[in-house]
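Here are a few notes to read alongside the model. Have it open while you go through them.

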Amino acid sequence: QVQLVESGGGLVQAGGSLRLSCAASGSILSVNSMAWYRQAPGKQRELVASITSGGSTNYAESVKGRFTISRDNAKNTVYLQMHSMKPEDTAVYYCKANVRRSLLVASDYWGQGTQVTVSS
C-alpha cells in the first residue's frame, strides 16, 4: 500500500507564512505528479498547485506569486511554501500523488489533510 503523510499546518496571522510537507511511503516504484488541494467549509475541493516529476509547476490564480510548490524526488516528498497568507486561504489542505506501483499501474493517493487557519 501507499501512505501520504502531511505536516506543517496550523494557525497563522494574515501576511504570515507556513510550509506544508507531504511524504509518500510504501510500495512505490516511482511518483509521477504531486499536488496540493484545499477545501474550505461549504466549498468544493480545489487545486492549489501541482508539480510533475520533472519539476513543471501549475498554480491556481488565487495563489500565484504567494505560494511555491516543490518536491524532493529522492524522498518522495512534496512541499508547499505559503507566503503573504490571507484569511481566504483558510482550509483543509490535502496532498495528492500519482504513484506507480508497477510498470502497468499508476494510481492517485490522497493524504489525510492538514488544517490551515489564517486569522485577520
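1. One definition before we start: a polar contact is a pair of N or O atoms within 3.5 Å; within protein, one must be able to donate a hydrogen and the other to accept it, and residues adjacent in sequence count only if both atoms are side-chain atoms. With that in hand, look at Arg 71: its side chain reaches the backbone oxygen of Ile 51 at 3.4 Å, and that of Val 31 at 3.1 Å.

2. Some housekeeping. This is a predicted model, where local features need pLDDT of at least 70, side-chain atom pairs count only at pLDDT 80 or more, and totals for chains, interfaces and linings use all residues. Residues are numbered from 1 along each chain as its sequence is written, and side-chain values use heavy atoms, with hydrogens and water left out.

3. Back to Arg 71, which sits in strand 7 (residues 67-72) (strands are DSSP runs of E, at least two residues, numbered from the N terminus). Arg 71 is buried (under 20% relative accessible area, 1.4 Å probe, protein chains only). What is the nearest side chain of opposite charge to Arg 71? That is Asp 72, 8.1 Å away, and Arg 71 has no salt bridge (a side-chain nitrogen of Lys or Arg within 4 Å of a carboxyl oxygen of Asp or Glu).

4. Then the disulfide (a pair of cysteine sulfur atoms within 2.5 Å). The structure holds one, joining Cys 22 to Cys 95 with S to S at 1.9 Å. Cys 22 lies in strand 3 (residues 18-26) and Cys 95 in strand 9 (residues 91-100), so the bond ties together parts 73 residues apart in sequence. Cys 22 is buried at 1% relative accessible area, and Cys 95 is also buried, at 1%.

Methods
Helices (H or I, at least four residues) and strands (E, at least two) are DSSP runs, numbered from the N terminus. Buried means under 20% relative accessible area, exposed over 50%, partly exposed in between (1.4 Å probe, protein chains only). Lys and Arg count as positive and Asp and Glu as negative; His and the chain ends are not counted.
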